[in-house]
Amino acid sequence: MSTIPSPVDVMVRPITKLLIANRGEIAVRIARTAHAMGISTVGVYSEPDADAMHVDAVDVAVALGGSSPADSYLRAGAIIEIAQQHGCDAIHPGYGFLAENSTVAQQVADAGLIWVGPTPEQITLLGDKIAAKKAAIAAGVPTAALIEIVDGVIPDDVPMPALVKAAAGGGGRGMRIVRTPDELADAVAAGSREAAASFGDGTVFVEPYIERARHVEVQIIGDMHGNVVHLGERECSIQRRNQKIVEEAPSAGITAETRRALCDGAVALARSVGYHGAGTVEFLVGEDGGTDSINFLEVNTRLQVEHPVTEAVTGVDLVELQLRVAAGEMLPIAQEFISARGHAIEVRVVAEDPAAGWLPSTGTISSFDLGGSEADLVRVDTGFRAGAVVSADYDSMLAKVIAHAPTREGAAAKLRRALLHSQITGVTTNVPALVEILGEPDYLAAATPTAYLDEHPDVVSSTGPSGDDRLAQLLAAVFATERAARAVDRVLGFAPSGWRNLRTQGQREIWAQVGADGVEHVEYTVCLDSAVVRLGPWPVPTADGSLSADERRRVAIRLLSMSDDRIAIEIDGVRRVIGIEASDAGPAEAEVRTRSSAGTATWNLQPRFIDHAAEVGGGGPVCPLPGTVIAVNVSTGDTVDAGAVLMIVEAMKMEHKITAGAASTVTEVHFAVGDRVDQGDVLVSLEEVGGDD
């Protein structure tokens with residue numbers, strides 16, 4: 001256990017040049033505060049990040065080479081050498097990568113550099129969830145029972161439901177919820193495998209699982225002079241795959257007594273180990289928010305992703321405090337002067353498809369605008385921009401968007417409005433789901449246990465605007481494309497809009513909204529600034545030669561104004577203004593991005609003729625995104641049932657199970673453990689049992 005140095009033992013070492021050993025939004029955010037303090041910065045980057053935003057945010061950036069984390073941001077020796085070569089005084093690890101690696105912290109100190117974080121001993125003690133829980137018990141922090149797994153032996157009397165957790169690391173990796181005893185062994189094996197892949201340590205343990213709990217954490221910071229303060233609590237209960245997507249401060253679901261118990265317990269634990277630097281003490285609290293259901297979870301010995309909400313309500317720059325404490329200065333604030341003002345909410349914008357089970361999305365970002373015309377309502381922390389590539393090698397988070405207001409309702413309203421005006425294309429994101437969450441009645445009532453997403457499946461299926469708001473955006477795409485086509489048509493550009501030599505029908509097109517199921521059949525005729533639109537599949541010839549009944553919706557609209565980037569359209573007497581941005585592919589292959597106060601959407605004009613031969617796929621499951629094979633469960637000749645796990649692919653720090661769609665025979669396994677796979681690769685060839693009958 002660390003000893004607390006006396007003030008006379010502490011030497012202030014000013015930091016004048018800082019190496020930021022990270023990427024993305026946290027590197028940008030650290031650089032911003034460092035520069036405000038007059039500190040020069042040095043960054044590092046992998047090969048895919050050579051033109052990333054965080055590279056531009058620092059004064060000097062040095063190449064690490066490689067694409068994967070192991071070949072770049074985890075190369076501690078190379079990073080320390082770069083810091084020395086460029087005259088740095090200190091290294092800030094951010095979060096993830098090297099941030100909670102005690103060996104690296106010691107190597108930095110041995111090199112004569114300042115590690116911006118707690119001591120190696122504190123990282124070792126508190127970074128191990130088993131050791132941390134024992135320390136918490138010794139410090140008087142309330143916690144549930146600890147069930148250790150020694151030499152792979154699982155006790156027989158584990159109470160259900162239970163939670164399997166990795167002893168190292170964080171971010172929910174290695175965590176598994178177990179509801180029946182027969183699931184426990186597989187959960188322990190899977191959790192251990194994921195933990196080993198993520199943190200290099202496969203040790204896991206088990207503890208009771210609290211149903212419908214709240215995830216509440218306390219922000220602490222200590223200095224080398226023995227001072228420790230807390231900056232209040234955050235609630236981070238809304239999670240997918242045990243990873244947070246909505247965070248807020250303060251918690252709206254706990255009692256004042258519970259708040260005191262959490263904060264006092266966090267400070268007591270930090271003082272008991274002489275903690276210095278920023279850290280977070282995490283708890284689960286039962287649904288009632290009372291003190292009887294508090295359970296200590298872990299300590300994160302680093303800056304948290306969600307730290308901006310604490311900064312918003314306290315007015316404290318946590319990165320500045322980190323740098324001052326690391327330099328040996330005393331904390332410039334005392335506990336009695338720290339208070340929460342108003343309410344702050346943060347959402348994580350991730351490149352994932354919530355409607356598809358939060359499947360990660362990779363690719364090149366074609367447009368990136370968070371907040372749009374309402375950007376002044378929020379703080380945006382990001383390391384991405386248009387043209388950036390979202391790679392399977394790194395985490396899927398694109399940005400954090402934060403709103404602060406006097407009330408929780410006000411913060412939610414500001415944040416929701418900013419997200420409605422946001423647009424990201426090129427990859428699928430969770431922005432529509434976040435919009436739905438922030439307006440959902442249970443969320444607004446602070447009824448947000450960790451089971452929130454499971455209990456509210458409708459919020460993750462949103463694809464953006466609905467009703468006439470969606471119709472207005474669809475028609476904006478239609479008429480923007482029609483306008484562009486007329487502008488380049490040297491033959492019929494003079495004719496009335498939508499002119500055809502067949503008087504019985506208007507212009508017919510089929511459109512698809514990116515991320516949504518189905519297509520939209522649109523037929524329109526235009527006369528000056530008015531148009532008649534019919535929506536739905538058009539009539540088709542019947543057996544007797546007549547046309548089927550026309551059951552399409554008929555809509556009369558007015559086109560009030562139109563320019564290259566904006567259309568004002570009136571539907572049933574309601575005027576809406578739609579922003580438009582079209583691709584450069586040309587009208588025949590149009591992709592149009594639309595936005596309004598109701599949200600955003602991307603539309604694709606479908607081809608008139610389809611090459612059905614191109615639709616024929618391979619005889620087995622394909623890889624949903626680029627990654628690495630970490631487990632192969634079948635061999636050629638095996639017979640498998642529907643739903644059987646054939647292979648496991650790791651991508652974006654998550655495991656993805658590849659399953660059989662029907663009872664089948666394995667005819668060929670195309671990849672082995674350790675192989676890299678690309679999106680669309682056929683992983684296992686299958687022949688459906690009875691498929692030739």
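A residue counts as buried when its relative accessible area is under 20%, a cut-off applied in these close-up views of a predicted model.

**View 1. Aromatic pairing between Tyr73 and Phe97.** The structure holds four aromatic pairs, and one of them is formed by Tyr73 and Phe97, whose rings are stacked with 5.1 Å from centre to centre and 25 degrees between the planes. This pair links distant parts of the chain, since Tyr73 belongs to the loop between strand 3 (60–63) and helix 3 (76–85), while Phe97 belongs to the loop between strand 4 (90–92) and helix 4 (102–110), 24 residues apart. Because the relative accessibility of Tyr73 is 0%, Tyr73 counts as buried.

**View 2. An edge-to-face pair, Phe283 and Phe296.** The ring centres of Phe283 and Phe296 lie 6.1 Å apart and their planes meet at 80 degrees, so the pair is edge-to-face. Here too the pair links distant parts of the chain, with Phe283 in strand 13 (residues 277–285) and Phe296 in strand 14 (residues 295–300), 13 residues apart. Phe283 is buried, with a relative accessible area of 1%, and Phe296 is buried as well, with a value of 0%.

View 3. Tyr73 and Phe97, the stacked pair of the opening view, form one aromatic cluster together with Tyr394. Arg23 lies over the face of Tyr394, at 4.0 Å from the ring centre.

**View 4. Arg408 and the ring of Tyr443.** In this view the charged end of Arg408 sits over the ring of Tyr443, at a distance of 4.3 Å from the centre of that ring.

Note on methods. Residues are numbered from 1 along each chain as its sequence is written. This is a predicted model: local features need pLDDT of at least 70, side-chain atom pairs count only at pLDDT 80 or more; totals for chains, interfaces and linings use all residues. Side-chain values use heavy atoms; hydrogens and water are left out. Rings of Phe, Tyr and Trp (its six-membered ring) pair if their centres lie within 6.5 Å; planes under 30 degrees apart count as stacked, over 60 as edge-to-face and the rest as tilted. Helices (H or I, at least four residues) and strands (E, at least two) are DSSP runs, numbered from the N terminus. Buried means under 20% relative accessible area, exposed over 50%, partly exposed in between (1.4 Å probe, protein chains only). A charge sits over a ring if NZ of Lys or CZ of Arg is within 6 Å of the ring centre and within 35 degrees of the ring normal.
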